[in-house]
Amino acid sequence: THNIMKFIPAIDLKNNKVVLATCLNRSDYKEIPESLAPSSDPLDFIEYLLSKYHFNTIYLADLDSIDNFYKHSNTIEKILNNFNNIHFLIDNGIRKSSELSQYNSNNYTQIIATESFEEYENLKHSSIEYILSLDFSDNQVIALNSDYTSLKPKKIICMSLDNIGKKSGPNYNDIRISQKQYPGAEIIVSGGIKNNNDIISLKENGFKEVILLTSILENKIDFNSAY
C-alpha cells in the first residue's frame, strides 16, 4: 500500500523555553540556538515550524515535569489553546493514572512513558486514549516495572533515547523489539532521524509516522518525499 509519511516535530520544553535534545543528560539540554530557529519561545517556535510545513501533530515533552512531576503547565495550556487545530502528543512524565487528563482541551493525546509511569493495571480499565512510549536505552526498555507488557496499545512510540540528537539514523534494533512486544500496534519511530534517506528507509519498511526535529530545522527533510 502507498502510505504517506506523517512528520511529527518534537518540542522539548524546559523552563518554558524550547531546548535542543542531545542524547546526553536532559539537564544539559540547552535553549535552541538561533542558528536553528529564530526563537526559543514555544509559541513563536511552533509558528516557525508551521512556516516550514503544514504539520497537524506535534510532540511536546515537558522536561521539568518529567524530572519532577507537577500537575499543570500554563505554557502547555497556552500552546493547546493557541493552536487548537493541531493535535499534540504530550509527555509530561505522569506516574499514576490519577494524573491523566490534566488539560481540558480535546486537541491532545496523553503519552504514557515507560520511564516514568508505574500504574499500568489501572490503564486497562480506563477509557482514556493514550500512546505508549517505549523508552529505550542500550536496546532495553527503561521501565519502573514490567506491567507495561500486559497493555494492548493501538499505537506506540519507539523512543530511542541513545539516538536523540545524534543523527545516527533510526534504531532498527529498538524498532524490532517494539514490534515483537506489540505485534498489533502501529509504531511511531523517534530518535536519530538525520535526513531524507532515513525517511525513505522507514517508508520502505512500512512505517507511517516519525518524530523528529533537528533534521527539520536543518532543512534536511524533503516533505514531498512523504507521498
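These legends accompany several views of one predicted model.

Residues are numbered from 1 along each chain as its sequence is written, and side-chain values use heavy atoms, with hydrogens and water left out. In this predicted model, local features need pLDDT of at least 70 and side-chain atom pairs count only at pLDDT 80 or more, whereas totals for chains, interfaces and linings use all residues.

View 1. Helices (H or I, at least four residues) and strands (E, at least two) are DSSP runs, numbered from the N terminus. Along the principal axes, the C-alpha atoms fill a box of roughly 45 × 40 × 30 Å. Of the 227 residues, 53% are buried, where buried means under 20% relative accessible area, exposed over 50% and partly exposed in between (1.4 Å probe, protein chains only). Among contacts (heavy atoms within 4.5 Å) with a separation of 6 or more, 61% are between residues 24 or more positions apart.

**View 2. The aromatic pair of Tyr 53 and Phe 223.** The structure holds eight aromatic pairs, counted when the ring centres of Phe, Tyr and Trp (its six-membered ring) lie within 6.5 Å, with planes under 30 degrees apart called stacked, over 60 edge-to-face and the rest tilted. Tyr 53 and Phe 223 are stacked, at 4.2 Å centre to centre and with 15° between the planes. Tyr 53 lies in the loop between α1 (42-52) and β4 (57-62) and Phe 223 in the segment after α7 (214-217), so the pair ties together parts that are 170 residues apart in sequence.

**View 3. The aromatic pair of Tyr 103 and Tyr 108.** The rings of Tyr 103 and Tyr 108 are edge-to-face, with 5.8 Å from centre to centre and 80° between the planes. Both Tyr 103 and Tyr 108 are buried.

**View 4. Ile 221 in the segment after α7.** Ile 221 is buried, with a relative accessible area of 10%. Leaving aside residues up to four places away in sequence, Ile 221 touches several residues, including Phe 7, Ile 193, Ile 199 and Leu 212. Ile 221 and Lys 152, in contrast, are 33 Å apart from C-alpha to C-alpha, and 69 residues apart in sequence.

**View 5. Asp 138 and Val 141, around strand β8.** Asp 138 is placed in the loop between β7 (130-137) and β8, and its phi is near 50°, a positive value in a residue other than glycine. Asp 138 is exposed, with a relative accessible area of 63%. Val 141 is in strand β8 (residues 140-141), and, not counting residues up to four places away in sequence, Val 141 touches Thr 114, Leu 134, Asp 135, Phe 136 and Tyr 148.

**View 6. Asn 15 in the loop between β1 (6-14) and β2 (17-20).** Although Asn 15 is not a glycine, this residue has a positive phi of about 50°. Asn 15 is exposed, with a relative accessible area of 58%.
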